[in-house]
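Open the model in your viewer and keep the selection tool at hand. The tour below goes stop by stop.

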Amino acid sequence: MHQVSIVNDMVIRFANVNGTGSASANNMFSKAIFRMGIPVSPKNIFPSNIQGLPTWYEVRINENGYLGRRDGIDLLVGVNAQTQARDIQDVKPGGYFVYDSTKKLHQEYIRDDIHYLGIPMMELSMQHFDHPRQQQLFKNVIYVGALAALINIDLEVLKQIIREQFGKKEKLIPPNFKSLELGYQYVLDHYEYPLNIHLERRDKIGDKIMIEGNMATGLGAIYAGATVAAWYPITPSTSVVKGFETYAKKLRIDPETGKKKYAILQAEDELAAIGMVIGATWNGARSFTATSGPGVSLMSEFIGLAYFAEIPVVLVNVQRGGPSTGMPTRTQQPDILSSAYASHGDTKHILLFPSTPAECFEMTADAFDLADRLQTPIIVMSDLDLGMNSHLSPPLVWDEKRTYDRGKVLNADDLDQIEKYGRYLDVDDDGICYRTIPGTHPTKGSFFTRGTSRDEYAKYTEDGAVYVRIVDRILKKWETAKKYVPTPEMYQEQNSSTDGILFFGTTTYAALEAMDLLKQQGINLDAIRIKALPFNQHVVDFVKAHKRVFVIEQNRDGQFRSLLVNELEIPPAQLVPVLNYDGMPITADAIMQKILSNLPEPANHKSKVL
Amino acid sequence: MTFIKPKFRHPLLPKNKIGYYKADYEGAISTLCAGCGHDSISGAIVQACFELSIEPHKIAKVSGIGCSSKTPTYFLGKSHGFNSVHGRMPSITTGANMANRDLIYLGVSGDGDTASIGMGQFVHVIRRNLNMVYIVMNNGCYGLTKGQDSATADFGSISKAGSINPFEAIDLVGLSLELGATFVARSFSGDKTQLVPLIKAAISHPGFAFLDVLSPCVTFNNNKGSTKSYDFVRDHMEATATIDLVPEEEEITVAYPEGSTTSVSLHDGSTIQLQKLAPDWNPTDRRSAFNNLQSAKAKGEILTGLLYINPESQDMHELVETVPSPLNSLQEKDLCPGPEALDKINDSFR
Ligand SMILES: Cc1ncc(C[n+]2csc(CCOP(=O)(O)OP(=O)(O)O)c2C)c(N)n1
Ligand code: SF4
Ligand SMILES: [Mg+2]
């Protein structure tokens with residue numbers, strides 16, 4: 001078989017068993033590639049279970065920076081006997097199956113269009129380590145060592161990662177080194193190396209970092225000055241508060257007393273979690289909660305209260321596959337509508353759509369300013385893929401000149417200047433009124449916060465005309481919000497194509513790659529990435545400027561498309577859905593195929609290419 | 001329904017220590033039914049806050065939904081208030097208290113608001129020993145939705161419509177004792193002499209102070225056969241002790257007969273004086289409280305008074321170890337680590 005060599009462009013998948021310590025070996029593998037200057041993106045495909053079920057770790061390596069998921073596995077490390085048959089089927093023709101040859105492969109698993117590379121991982125481990133737990137753990141490092149030889153990973157880079165990882169537990173460094181070398185040496189002794197698919201050092205990382213979106217979100221809350229975090233555990237949002245806590249412990253402890261400048265409240269459920277957030281922000285602290293779809297459903301009543309009583313709330317929704325418990329450990333963007341219109345009555349909420357960890361950081365921090373400025377819930381719409389996987393991301397940035405925007409809050413001096421304070425008086429004609437924090441002034445500024453209808457002075461009323469005045473004024477805030485929310489990103493200086501594509505959040509990775517794939521076929525599409533609801537004029541203009549717009553998203557019902565139709569009154573036929581909802585991140589190939597099948601006259605597009 | 005009160009204050013009206021009139025603690029005119037027990041409790045709250053000389057703006061009133069939860073409009077008009085959603089007052093209060101530990105939190109709820117829809121939050125706020133007063137205006141029914149049985153309606157009690165309640169009642173006092181509440185009391189809306197000092201003691205208690213106040217619903221549950229009616233409660237009340245709260249600064253002048261008084265010192269320096277009716281009564285002994293509660297129940301009596309207090313109570317801020325200054329007072333410089341720290345953090349992800 002003649003084989004062309006493919007450098008820095010591959011998908012490698014690890015098939016492991018949950019709870020066997022493979023995660024740290026796999027992370028080491030990705031980090032080494034990152035440190036070799038090659039763009040890399042790992043994804044965990046894991047079960048809703050703690051121990052014993054199959055789990056996969058899929059790594060895309062691409063020196064051009066295409067890091068969305070790609071179908072077709074070039075090399076699969078299969079160390080889970082349970083899934084071996086399926087794993088072998090998943091390798092693409094001409095690809096490699098690396099397995100633990102301590103046990104013989106089933107004859108019926110043999111395909112003749114892929115290569116088999118047996119490494120006696122367990123045997124090697126048992127020869128060198130006594131304890132069964134160690135044998136299990138170091139087996140993982142042995143396969144990383146073998147891969148180092150097979151695809152050309154710098155051993156010294158791997159060793160440095162081990163040194164850093166076990167800095168405090170030095171005893172663990174030599175056995176890790178030993179395991180690496182065992183795997184490495186075995187390949188040198190038994191196989192030709194490197195394989196035709198392999199790595200070469202590059203300098204394509206720049207100042208980028210590799211971080212999970214949830215960690216960046218937690219850090220965003222730290223930087224924005226959140227002091228009260230209330231939450232109830234749910235995958236895939238749990239690591240948001242974990243991230244917050246990790247850094248709060250480092251950065252928010254009073255050095256003299258050891259006391260905390262924050263409170264993390266593990267609530268009894270999501271209803272209580274958001275209630276605590278509302279109570280805390282009502283009382284002048286910055287506060288947030290993180291959850292996923294089921295939690296947002298439970299929070300709905302309170303979200304409506306915060307909307308109507310105009311209380312700032314920051315809610316992070318790390319979306320997962322629904323409905324119901326759905327696919328709790330798989331990714332989707334299925335809560336677009338239920339978040340946009342969460343709660344009963346006329347409500348709509350500001351949504352932010354980060355697509356990288358750097359944006360998770362920035363938009364979470366922005367969410368606190370927006371919540372205070374607009375006095376309403378802000379929902380940060382992350383997802384499992386973004387939140388729980390490490391992504392190559394621009395570094396997190398905090399502008400030295402940035403200051404918190406606490407919005408319209410009156411202090412005691414302000415109140416002294418005012419003859420009669422009205423909590424819901426639209427003094428500035430932007431729909432946003434002035435709030436007061438309990439305890440501010442002995443005689444002025446107190447009012448009764450309520451979810452019932454009330455007048456401009458917060459007095460209960462059932463007068464229909466007053467009610468209409470108030471809810472219309474709240475709608476005016478929606479217009480004001482358009483000035484404050486992040487504007488969409490355009491990928492061309494001027495629109496030049498008849499068709500456009502529109503995407504948001506994690507769909508961006510595959511969408512941008514699909515655009516380039518189409519370009520190679522002479523098809524140019526204008527593109528827009530939406531970062532927030534409400535949609536501003538740029539979105540309207542973009543849609544108007546195109547005959548058709550492909551709306552790419554990861555749910556069954558084209559929810560974002562519905563949102564566009566509803567909010568902008570776009571004729572539905574103008575928006576073509578491009579959907580993926582099998583729980584795996586959408587691929588560029590799937591997007592391209594769908595778009596191609598909708599373009600009967602590609603010549604139209606070609607003619608526009610200059 | 002109360003009549004509109006003139007704003008004018010007679011110069012001879014008493015002021016409290018900080019110069020406020022009692023009227024400064026009042027709220028808007030009540031719109032509850034005339035004779036509703038809840039209004040009497042509002043009055044007792046006004047009296048207690050006046051007597052304790054609390055600055056009204058240092059109190060935050062929080063409630064759920066129900067006739068009872070409406071009452072914060074009718075007292076402490078100079079305090080911020082929050083009428084939240086049904087059964088969720090504890091979570092709002094928890095967040096508020098975490099944001100500012102320096103205010104006094106006065107939570108008001110109903111028996112429906114607490115013992116049904118809000119049971120989960122009630123139980124958990126006890127567990128956290130949040131520093132707040134939690135008053136249940138307990139009428140054994142859902143007043144606002146027109147008189148359905150609540151979970152505190154007694155077994156066998158007869159509703160206005162004539163149906164007999166076939167289910168066991170949840171006794172919120174027994175439950176909170178069981179859950180480890182650090183202050184548990186019961187009273188009756190019609191008994192101001194007992195209720196006012198209890199509210200004062202609850203406010204002074206550093207931690208979760210629970211007050212179950214029987215409060216007849218004159219419209220839906222004051223009929224013969226209801227165990228939450230005025231007549232029934234009056235006839236079956238059994239007080240544990242008469243109680244008085246002596247704030248820190250005041251000298252103890254009230255003389256109690258030897259041998260029948262107990263005093264409990266609170267963290268803020270004030271003292272609770274109890275004149276015991278039952279000889280084996282010890283309000284700091286949870287087991288004694290249980291026993292007395294059970295024996296009263298067996299006799300068909302409703303035990304009232306301060307049933308239990310833990311003078312060693314540590315509130316939630318102490319448990320979660322927050323800084324002494326309110327979290328909402330921390331400024332950007334206290335909270336934002338700045339760009340240099342972020343550079344280091346970025347480096348740790350390379
Ligand atoms: C989620 C929700 N469900 C139902 C209601 C309707 N509701 C309003 S008050 C109430 C019961 C109140 O009973 P209780 O707390 O005992 O107060 P009371 O009126 O007796 O003082 C109910 C069921 C509501 N407001 N919200
Ligand atoms: S219905 Fe009952 S509880 Fe409600 S105001 Fe009237 S008397 Fe009070
Ligand atoms: Mg009731």
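Predicted model: local features only at pLDDT ≥ 70, side-chain atom pairs only at ≥ 80, totals over all residues.

**Stop 1: the magnesium ion.** Keep Asn139(B) selected and go to ligand 3. Which residues coordinate the magnesium ion? They are Asp111(B) through OD, Asn139(B) through OD1 and Cys141(B) through O, at 2.1 to 2.2 Å. Asp111(B) is in helix α4 (residues 111-115) of chain B, while Cys141(B) is in strand β5 (residues 141-142), so the pair links parts of the chain that are 30 residues apart. Both Asp111(B) and Cys141(B) are buried.

**Stop 2: two helix pairs.** Two packed helices are described by the angle between their axes and the distance between the axes. In chain B, select helix α1 (residues 37-51) and helix α7 (residues 192-204); their axes come within 9 Å and cross at roughly 55°. This angle makes α1(B) oblique to α7(B), and the crossing is right-handed.

Now select helix α16 (residues 507-520) and helix α19 (residues 588-597) in chain A. Here the axes come within 8 Å and cross at roughly 55°, which makes α16(A) oblique to α19(A). The crossing of α16(A) and α19(A) is right-handed.

**Stop 3: cis peptide bonds.** Most residues other than glycine have a negative phi, and most peptide bonds are trans. Select Tyr193(A) and Pro194(A): the bond joining them is cis, with omega about -15°. Pro194(A) is in the loop between α6 (173-190) and β8 (197-198) of chain A. Next select Gly322(A) and Pro323(A), which are joined by a cis peptide bond with omega about -10°. Pro323(A) is in the loop between β13 (313-319) and α11 (336-340) of chain A.

**Stop 4: positive phi.** Select Asn152(A), in the loop between α4 (132-151) and α5 (155-165) of chain A. Asn152(A) is not a glycine, yet its phi is positive, about 80°. Finish at Ser343(A), in the loop between α11 and β14 (350-352) of chain A. Ser343(A), also not a glycine, has a positive phi of about 95°.

Notes. Residues numbered from 1 in each chain as written. Chains lettered and ligands numbered in written order. Heavy atoms only, no water. Donors = N, O, S within 2.8 Å, 3.2 Å for Na, K, Ca; no water. Helix = DSSP H or I, 4+ residues; strand = E, 2+ residues; numbered from the N terminus. Buried < 20%, exposed > 50% of the residue type's maximum accessible area, 1.4 Å probe, protein only. Axes fitted to C-alpha atoms, helices over the stretch in contact; angles between N-to-C directions. Parallel < 35°, antiparallel > 145°, perpendicular 65-115°, else oblique. Left-handed = near helix turned anticlockwise from the far one by under 90°.
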